[in-house]
Every structure is written in structure tokens, then in C-alpha cells.
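Hello,

Here is the structure I promised to pass on. My notes follow below it.

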Amino acid sequence: MAFMEKPPAGKVLLDDTVPLTAAIEASQSLQSHTIVRRYSDFDLLNNSLQIAGLSLPLPPKKLIGNMDREFIAERQKGLQNYLNVITTNHILSNCELVKKFLDPNNYSANYTEIALQQVSMFFRSEPKWEVVEPLKDIGWRIRKKYFLMKIKNQPKERLVLSWADLGPDKYLSDKDFQCLIKLLPSCLHPYIYRVTFATANESSALLIRMFNDKGTLKDLIYKAKPKDPFLKKYCNPKKIQGLELQQIKTYGRQILEVLKFLHDKGFPYGHLHASNVMLDGDTCRLLDLENSLLGLPSFYRSYFSQFRKINTLESMDVHCFGHLLYEMTYGRPPDSVPVDSFPPAPSMAVVAVLESTLSCEACKNGMPTVSRLLQMPLFSDVLLTTSEKPQFKIPTKLKEALRIAKECIEKRLIEEQKQIHQHRRLTRAQSHHGSEEERKKRKILARKKSKRSAVENNEEHSAKYSNSNNSGSGASSPLTSPSSPTPPSTAVEHAPF
């Protein structure tokens with residue numbers, strides 16, 4: 001497909017951050033949602049994931065007795081545990097290898113080949129650029145690819161080209177989208193990494209920036225090489241060590257300043273994490289402003305989609321800042337969110353900020369503003385020495401388009417949070433009604449109703465018998481034997497479980 005062609009009508013825009021789950025069934029099925037996998041498929045996946053440096057619990061091979069019923073049951077249990085470990089690991093669950101294994105119908109395309117085709121078409125009209133090599137899998141996004149570039153008349157300079165497809169949160173019109181992408185090189189800010197060139201069509205965007213061999217803030221934290229694959233760099237760091245307190249304070253203050261700048265401009269971001277912060281000496285510079293224009297979902301979406309109070313792009317940025325601060329402090333991401341208790345930190349001022357963004361109370365009640373974080377003791381005394389004046393002029397018409405797109409992004413998030421909340425309530429109800437204690441309670445209640453019904457029937461019959469003997473005008477009436485009482489009906493309330 002040529003670079004400036006329109007995408008096919010009815011193109012499905014998947015949210016790649018939605019966690020996939022998988023359950024191994026005992027028998028094969030030909031239903032559309034069922035995927036037949038052999039042990040060899042698991043083995044191939046496991047071999048591919050070895051780059052992550054993790055010890056994954058794949059059950060060992062067995063050549064003899066592998067058709068025994070007991071062995072098959074044990075193998076099924078082991079493979080299910082293997083899938084559970086992969087799908088609950090934030091980095092592994094988002095990688096292309098796992099997505100293709102669990103959902104080959106939606107992830108069958110060769111995204112690297114698509115990106116190469118698009119980039120090649122672009123260079124037909126821009127001959128001054130030249131591809132040096134693809135930077136394979138350096139990022140976590142499935143539909144975003146990177147290439148090392150050079151300018152033909154400046155062969156010693158190295159640049160990075162990023163190409164990305166549209167995402168499910170792209171609500172800008174094609175015209176506004178392309179105009180805003182082309183505005184990005186004009187954005188000047190001491191804490192934003194400069195875009196050298198940017199262009200877009202109706203289905204994707206292509207941007208070029210200078211290559212920085214020092215890498216990102218995450219590379220600094222994990223002591224990683226920028227060109228290495230994402231899984232190798234960040235899945236299982238060999239040495240876990242946080243940054244110095246002064247680095248945490250300075251970097252944190254710089255990042256908050258640029259977030260406030262973008263919020264004041266009405267420019268939606270929502271993509272803050274350590275890999276989107278480039279290091280330039282002692283200065284942090286934010287990357288990938290184009291992500292929100294492309295409609296790409298956030299790296300931490302599966303976290304904040306659980307909390308209904310995190311429902312604006314500003315609150316998303318603050319929550320993501322909490323993740324980033326945790327990683328800077330402890331050298332690794334939190335095991336789960338919300339965080340019940342924080343390990344010892346270089347300063348209690350750090351813990352105070354973490355509690356305001358990652359604790360149970362914060363996730364339940366809502367995030368502070370960026371301005372509030374800037375006033376907290378950890379950052380309020382940081383002196384920033386920069387003379388560069390921020391510049392980012394956005395025409396009024398495009399500001400309005402950004403505002404509408406931002407509202408649509410937030411609306412989709414709120415709808416997703418509502419569905420998750422309803423699913424949680426239903427799951428809790430099913431678990432509650434299906435528990436052994438509740439079953440016993442229902443049996444006791446049923447017996448009580450049965451006894452009550454029997455007593456009421458006996459009393460009603462006795463009253464009728466007494467009335468029949470006392471009625472009439474004095475004439476004797478033949479005695480009749482009372483009819484047998486109707487057996488009581490047993491009422492049991494069944495709840496779904």
C-alpha cells in the first residue's frame with residue numbers, strides 16, 4: 001500500500017493494551033474462539049521468550065507415557081500455570097510474540113514488513129534520507145517500528161525514524177491529524193525531545209529525531225543498551241538499583257514542568273513512562289507527543305483502567321508519573337497497583353508523592369494535579385537552570401479539535417472502566433453465592449421456609465375444621481374426617497454461580 005493511500009474501509013483498530021487471558025480446555029473444539037495448540041507450540045514460544053532472561057515454568061517434555069490420563073491432566077495444569085505467568089507479566093503480556101500466540105486471528109500481520117513498505121514509499125519523494133538499519137523490537141508497541149537513519153550529505157549523523165499505525169483513540173479528522181503531526185517540529189521546550197521531521201497520512205505517521213546513544217531514562221535505570229530489544233533490556237534486570245535522591249528530584253521536577261506545559265496548552269499526552277523520557281546530560285526530554293494524536297493507548301492503561309477516579313488525561317499523566325517515580329526510586333516497577341506499603345526510600349518526601357499517586361486511597365479518591373505535585377517538598381526547592389523559552393503555537397481551530405478528541409479519549413476510558421466495574425461486581429456476586437458458606441445458608445433458609453409453610457398449613461386446616469363444627473342452625477351435621485394436609489413446598493432460591 002502506498003504511503004499516501006487511504007486505509008481499507010472498516011479497518012479494525014484494536015487496543016493492544018487490553019490484557020489477554022487463556023484457559024486450556026480438555027478437548028478440542030472447532031469454535032471460532034478456540035485455538036488448538038500443541039506442546040511444540042508452547043516450546044517454540046518459550047524459546048522465543050528466553051531473550052527476556054526470565055525463568056518461565058514450562059512443563060518439561062516427556063516422550064514415554066505422554067498419553068496417560070494422569071499425565072495429560074498434570075500437563076494441562078502445568079501449561080495453564082505457564083500461561084497465567086505470561087499473561088500477568090505486564091511486559092510479556094504486551095509483546096508481539098505472546099499476542100500472536102494467544103490471538104493469531106488478530107495478530108497475524110507482519111508489522112515490520114508493513115512499516116518497511118510505508119517507509120520505502122516515503123523515501124521515494126524524500127531522497128536525502130537513507131535507512132542504515134532497522135532497530136528491531138527496541139520498543140514495546142506492536143504497531144510501532146524504528147529505523148536508524150542518516151542524511152546522505154551528513155553521513156556521520158545518526159537519526160531515528162519511528163513509524164506507527166493508528167490506534168483506537170484516534171478521533172481527529174484526517175486533515176486535523178495531519179496538520180497537528182506536521183506542527184510537532186515547531187514545538188520547542190527545554191524538556192521535550194526535538195522532532196526533526198514529521199509527516200502523516202490517513203492511516204499512519206512517520207517522525208524523525210536525532211539518535212541519542214545514551215538512551216532513555218529507563219536505559220539509565222536498568223543499565224541497558226538503547227539498541228537492544230525491549231524484552232532483553234527491561235524484563236529481568238541483572239542489577240536493581242534506584243537513582244540518587246538529587247537525580248530523582250531534578251528529573252521529576254523537569255518532567256512535571258513539561259506535563260504542566262502540555263496541560264496548559266490543551267495538548268493531550270497520556271504516555272508518560274521511563275522509556276518515553278530521553279536523557280540529554282542531566283536533562284530529561286519527553287518523547288512521543290504524537291502518540292495521543294495517533295490514538296495509541298497508554299503503556300499503563302491496564303492499570304488505571306481499573307480505577308474510575310482516573311478518568312482524564314491529566315489524571316492519567318499524574319498516575320503514570322507515580323509509576324515513573326517508583327521506578328526511579330527503587331530501580332524496578334511496582335509489583336502491583338495500588339501499592340499497600342512502600343519500601344524504604346532515600347527520603348520520606350519521595351514516599352509522600354508515591355502515596356499521593358499509587359496508594360489505595362489515591363486510586364480510590366483521585367489523583368492530585370501536576371501543580372499540586374510541583375508544590376510538594378520533593379520538588380518545590382529544585383532550581384532549574386534553563387534559558388530556553390518554550391514555544392508551541394497551536395491554531396485556535398486545532399485547539400478545539402484537540403479538546404474534542406481529548407473528550408472522546410476520556411469517554412472511551414470511562415466506558416471501559418464502567419464495564420470493568422460491572423464485571424467485578426458480577427464476579428464478586430457469583431463468588432459470594434457460590435461459596436460453601438452461602439450454600440449452607442441457603443439450605444438452612446430453605447428448611448426454615450419449609451417448616452414455616454408446614455406450620456401455616458396445619459394452622460389453616462385446624463381453623464377450617466373448627467369452623468365446620470360450629471357452623472349451622474343447631475341441626476347436627478354429619479361428621480367428616482379432615483383431609484390430609486397438603487405437603488409443604490420446598491422453596492430454594494438459586495443464584496448464578
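How many cavities of 30 Å³ or more are there? The count comes to six. A cavity here is a set of points on a 1 Å grid, over the protein atoms alone, where a 1.4 Å probe fits but cannot get out. Its volume is the space filled by probe spheres set on the points, which are joined across faces, edges and corners.

Please note that this is a predicted model: local features need pLDDT of at least 70, side-chain atom pairs pLDDT 80 or more, while totals for chains, interfaces and linings use all residues. Residues are numbered from 1 along each chain as its sequence is written, and side-chain values use heavy atoms, without hydrogens or water.

The largest cavity has a volume of about 470 Å³. It is lined by 31 residues (an atom within 4 Å of a point). Closest to its centre are Ile138, Tyr146, Thr216, Ser275 and Leu287.

Now the rings. The structure holds 15 aromatic pairs (Phe, Tyr or six-membered Trp rings, centres within 6.5 Å; planes under 30 degrees apart are stacked, over 60 edge-to-face, the rest tilted). Phenylalanine 42 and phenylalanine 101 have ring centres 5.1 Å apart and planes at 70 degrees, so they are edge-to-face. Phenylalanine 42 is buried at 5% relative accessibility. Phenylalanine 101 is buried too, at 9%. (Buried is under 20% relative accessible area, exposed over 50%, partly exposed in between, with a 1.4 Å probe and protein chains only.)

Phenylalanine 230 and tyrosine 234 also pair edge-to-face, 4.8 Å centre to centre and 80 degrees between the planes. Both are buried.

Best wishes

Conventions:
1 Å grid on protein atoms, 1.4 Å probe; cavity = no way out; pocket = protein on both sides within 12 Å on 5 of 7 lines; lining within 4 Å.
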